Amino acid sequence: MSEKQVTIFIDDVAYQVSSTDNLLAAVLSQKLNLPYFCWHPAMGSVGACRQCAVMQFQDSTDDNGRMVMACTTPVTEGMRVSIKHHQASEFREQIIAAMMTNHPHDCPVCAEGGECHLQDMTVMTGHSVREYQGTKRTFNNQYLGELIGHEMNRCITCYRCTRFYNDYAGGKDFGVFGSKNQVYFGRHRDGALASEFSGNLVEVCPTGVFSNKVFSAHYTRKWDLQSAPSICSHCAVGCNLSIGERYGTVRRVMNRYNAELNGYFLCDRGRFGIGFVNAEQRIRRVKGVNQQSPVALTSLDIAKAFAHFRNKSFLAIGSARASLEANFYLKQIVGAEQFCAGYNDDEMIVAAQHAQLLAKHKPPSLAAIEASDFVFIVGEDITQTAPRMALSVRQALRHAAKAKAAKLGIASWQDSAVRTSAGNELSPLFLLQSTSTKLDDVAEQSLLLPVGQFANCIRVLTALLQKSVLNRHFDLQQALNQLATQTPLTEHAQAFIGSLFEALCQAQQPLIIAGCSSCQGQTLAEIEHLLQEIKQRSAADATQLPKLPQLAVVPVSANSVGILSLLDEHTLSISQVLAKLKHQKNTFQGVIVLEQELASLSDSEIQQLRAICPTLIVLDHSSTRLSVLADILLPVAAVSEGDGHYVNYQGQVQRFYQVHAPVLPIQESWRWLDTIAGTLTVNGAEFSAQSQTNKKHGLCQSLAELHHYFRQTFTDWPQLVLDKIDAGTTKAFARMPHRASGRTAQMANISVHEAKTTQKIDDSLSFSMEGQPLERASDMPFTWAPGWNSNQSINQFQRQVNGQLLQQKAAQYITVSEQVLKNPCWQLTEPEASSRVTTCAKQDHIASADSMLVSYVQQANIYLSEWQAAQTAEFQMLRASNLLSISAALAKQFGITKGQWCKVVLSSCQGITPRISHSVISQVVIVEQLPANLMFGNFPLSPSLAPCLEVYIIAAEPQALSDYLSAYNDQLMAAKKSKQALLERLKANDQHIPIRLLSGGLDDD
Amino acid sequence: MTVAKFNTVITPLTQWVNLQQPLDFTAYCQVGGYQAAKIALTEYQAHEVLEIVKNSGLKGRGGAGFPTGMKWSFVPMYAPEDKNAPDNKYLIANADEMEPGTFKDRLLLEGAPHQLVEAMIIAAYTIGANKAYIFLRGEYHLAAKRLQQAIDEAYQHQWLGDNIQGSQFSLNLYLHCSAGRYICGEETALINALEGKRANPRAKPPFPQVSGLFGKPTIVNNVETLCNLPHILKNGIDWFQGLAPNSDAGTKIYGACGRVKKPGLWELPMGVTLREVLYQHAGGMQAGLAFRGLLPGGASTDFLVAEHLDTPMDYDSIAKVGSRLGTGGLIVLDDKNCPVAMVLNLMRFFAQESCGYCTPCRDGTPWAVEVLARIEQGQGRIQDLDTLSKLCDFMWIGKTHCALAPGAVEPLRSALKYFHDDFLQHIEHGCCHYNPSAIAKRRQVAQSSVQAVTTSSNMTGSANE
């Protein structure tokens, strides 16, 4: 069905709407009000709630018309409908009245109050008088974990929750129970929701059944939140967020619509991982700087502290979780030759390959991923490392079902009809992984192999491709057999590649997703060969070859690609930094560590770094192993407390805005760097922004000034087009909604003086409720429109339903160069690499009678894999006990049964000295498809252990097991306690809020 | 076409029914069983059978009265080697007889199970289905036993399974016993239940004929509808049409329940009058009772009253007087039973059986129950009658996801029309006049409340002082 514009008449007014829409979407796209519940822009229509009734007329002479549900009615040329017709509007009011027979009148204590879609729709229909005399039905609520609250009595049975959780996100542990007016949405019994996307229930539910438990615990109304547009700092997808704050505490994260990226949904790491901003681990004080004034730290204090470093050389370690500005500034301050991105040698090789791929292939947006009809994921469990992307992959797989339904004349928005007619049809997904993942259930085939063999598989795929082009009478099986003699692949792997090849050849929009977390530069290089092969050959003969797949490489952190753009041939690895410190003792004054926890270093290596580093300067927001050892420690702003840019996996540069001003002396990293730039630089005083923009304190006051300065001073600063900030003439956008209430009463215990609102010149947002209309904003701090208080108000700001925002800026992309590959250290040496692969493959045998050689892979975890999010107390409470998955062969070898608690001893291979051993108590799962030389689990191993290990498994002794379990339990209890303590502290804090915070200004004068 | 010789059978459906001991395979064959299936498989192409069924004028006996042949013709047919052909099509016998006051299918299922099996072979052959299900009401234990036995026998004698009687046609027939929901009688809810999903009706389109069970073309037919097929094939169209005096063809199993002299089931020509069924076959009202009204075709049809008794019981005639033929099972109301209580009872059933999918049905039916219950208990208010008629409109056709709620509304809205005085009496007198104990109790309460008022006013009086 091709899209075109058709004319329809709504209440006798002509409108141009898209022919592929349903009537409800068309009506909402025209910014007309029509209430609805079960329809959702991303999930389509099911016609359950009957709320969007309108009258449809056959022609202009038809006065009677018939009632239709707008959401299930396709738009046709010349159609005539009426929203205002009395029959339709009375029926819509009755629908609300019917829902209200059971909906409790608990709005005053409901977390949804003030942003409730049900409230909005009730008012929209005009229902205000209650006729129902009877009692209301009641339900028991469930414990759904630490993140989501449950209050079933409020349910109006719109089915959106189950349609999101089960149908859209593929969740299994939730569903619909019961019938008649006792329909229950929940789990089969109490327990934490297992889906990575459970938080979306809060936004999907039109009323207060599902609530953000963390937000509710320290609750405030939506209209009292101060919000700003932000970017998720927890993975490389770069989902757009709206972060809400009150009294200096971050309260919650809501989805911020972006048609190309996250759409309407976030993952739970993005939504709840913000807890680190409030956590106890935050660094709030400067260390190693003498403060002269009793009131505040001044730039003079800093200048004094750094004075004796003038013209001294420093090494610097940047970070993929720090902003683009901070990393860039750091690199300029110390010089490219002294800059390290925080990567070890392996990670540098991967980064170099990644840079090469990014330079050649533009990665697809999530919207483009959803349009794919073939997905191949290599070596990255995106369900845990980039969960929002995994949700998009799930949608891509529905391509086949939608295509089948289209043949029956069913539009893709007819959700229930598509699912009943083609529910089981899935487009092909192939998984080449070393752990099982949460996409396994929708994968056509999944192959588990040790990380080292991925490259081999892709090499075979490339070879197949070459053969198929060269040979007119190509026989797949024969070709595979030939290739099998050249590369050591099991039959199972061969069959996998065979089917993969066939599916790839049939795909119209194929997609490959790879990742950086398994640290395999070789794999990325082979993918590059594959794409190159398809590209070159398709130029010659377009018909026989598969379409060129799109490629998305998922790096580890929010700003990984940002830091990739800063790498060049001089960039150091961590080991090179350590070597330089060791061997050029007198050259370097020390190391500046920017928001970097150096997770890949063992404790002893950290100690070693400290020992050989004369001066350790650390800038970070939360306590790390390094921050406690630092000579000078500067507390920096977390993502919600500052401005800056992150670059997502596509290379898209996205701005995050300050939500609230942090308590001094906390400030953005780039501000600290700007303060110390003059003293540290090799170029002397000229270097600092001081001389360029000498306005107040002689420092960059805003991000705009910083960018201006960068642009003038450094040729290698990516020329980013930034918001035009002209605070003097243009009115800013408000961070607070119009209804921010009781502005004087908020602090009446201290003063009834209404705080002055200050305009921070950093951005186009004011710390106030005064501002320009929201629809003019490109990045909206929150959404609200008259009559639309809930997140559903987004339809008032889209050009059309599911379309771009009214003022959507064009996405800006950063250029990534391949310069880093010029350094021979980071090039892949072909023979070496392949020998590494084959040695791993050759170890596919039993080493001795009582131990085996295996590689261990730690599974990624949505809550705990990302360092910042893992600080969140609620996530700590979700830590699972140890679980190890082993092959059936290994289980047989050690006589282990499924689910048994075991002691697992892992040690480095014989011959490597010193021999290191690691023993863990873990429950064992047997995975049939797992090769004997691979196992995976959810616990980390000491980084000093090599990937290939000797393993020995015995049943755990009762004492050891009970010790482990009680330690595990203690951990959970400690997390629970710290969560409670934190909550008490925050609530106590609310009682005496400094006026400065309310005004939001850093400028106290 | 072999047109059968003139046939004198006038009760084809029930002629072999034996509730004590249904005919087993051999006995069924002896009376001419499986001959029709043989005719279909050996003498006709599938499209020829379809043509016969179309021309016979057979309409669905489940309640809606949709022409069976036309329903079948929507099933896509494919040449044997067609690559686009689905790997399966399905036939389902809807034996989920849960309509209150209706028990006609039970007679056929328990009394002549082989007749249904034979009919399903013919139907499956016509639409090209190789798998068929009987979706049986869960409580029909005896029918389940007898059907399973008939199916087993049919397999034994190569009337089911691969290559039936050497015809190249294969059919596997399965018996599925429902877990028991009224809504499973709705064909798409039935399909969902059969797939192991929640028994919610599906959105249409797609219609089951195109995309039904497991997304494949599917026909769902009522048991009684299917049981006509062998006879049509054996005796011909003219015979079938000759059975009925009016425009509709064939016979219909009519039933009656309530306080009539002889409740029961009778196979009669399609289109006999209500009066004939009620007085000639059911024997009229029991002694001392007078006729008040009846639901002509199960609980989800509108009341008809004395003035309608000469209406012929066919689809169009009953529709003309404002009701539906439905299942043809009369529920008769006498003058000693309260119509409000009857409607309340039915509404309770529908509220209980609502699947909970769409708002008008899920929340509207319990609301109607709440109002009716109050009226019935003498707690009603005059504005409740407005609420009830509003609710009737609220749950009417086109406003709900399926036909359950409009069906639930039918007895209520017609009762409001024909028994308006009874509703008014309940409200005005605060009790039910059909219930002597309620009247007595009401008097008692009234007296004691008068006393209470007097005492309490005395007390307040003294307090004020």
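In which order do the three strands of the open sheet in chain A lie, and is the pairing parallel or antiparallel?

Mentor: Happy to! Keep in mind that this is a predicted model. The order in this open sheet of chain A is 23-24-27, and the pairing is antiparallel. In general, strands of a sheet pair through backbone hydrogen bonds, in a parallel or an antiparallel sense. At the edges of the sheet stand strand 23 (644–647) and strand 27 (812–813) of chain A; each has a single partner strand, so one side of each is left without a neighbour in the sheet.

Now look at the pair formed by strand 23 of chain A and strand 24 (residues 652–656) of chain A, which are joined in the antiparallel sense over four bridges. Within this region, Y646(A) stands opposite Q654(A), a residue of strand 24 of chain A. The sheet also has a helix packed on it: helix 9 (residues 324–334) of chain A touches both strand 23 and strand 24 of chain A, and its direction makes about 95° with that of strand 23 of chain A.

As a general point, nonpolar side chains in soluble globular proteins tend to be buried together.

That brings us to where the chains meet. The contact takes 34 residues from chain A and 29 residues from chain B. On the chain B side, the elements giving two or more residues are helix 14 (339–353), helix 15 (359–376) and helix 16 (383–394). Helix 15 of chain B gives the most, with nine residues. By class, this side of chain B has twelve nonpolar, ten polar and seven charged residues.

Finally, chain B itself is divided into domain 1 (25–242), domain 2 (251–334) and domain 3 (339–428). The centres of domain 1 and domain 2 of chain B, taken over C-alpha atoms, are separated by 28 Å. Their contact takes twelve residues from domain 1 of chain B and 17 residues from domain 2 of chain B. The side of domain 1 of chain B that touches domain 2 of chain B has three nonpolar, four polar and five charged residues.

Note on methods. Residues numbered from 1 in each chain as written. Chains lettered and ligands numbered in written order. Predicted model: local features only at pLDDT ≥ 70, side-chain atom pairs only at ≥ 80, totals over all residues. Pairing = 2+ DSSP bridges. Contact = placed C-beta atoms within 7 Å. Axes fitted to C-alpha atoms, helices over the stretch in contact; angles between N-to-C directions. Domains from an automatic or database assignment. Nonpolar A, V, L, I, M, F, W, Y, C, P; charged D, E, K, R; others polar.
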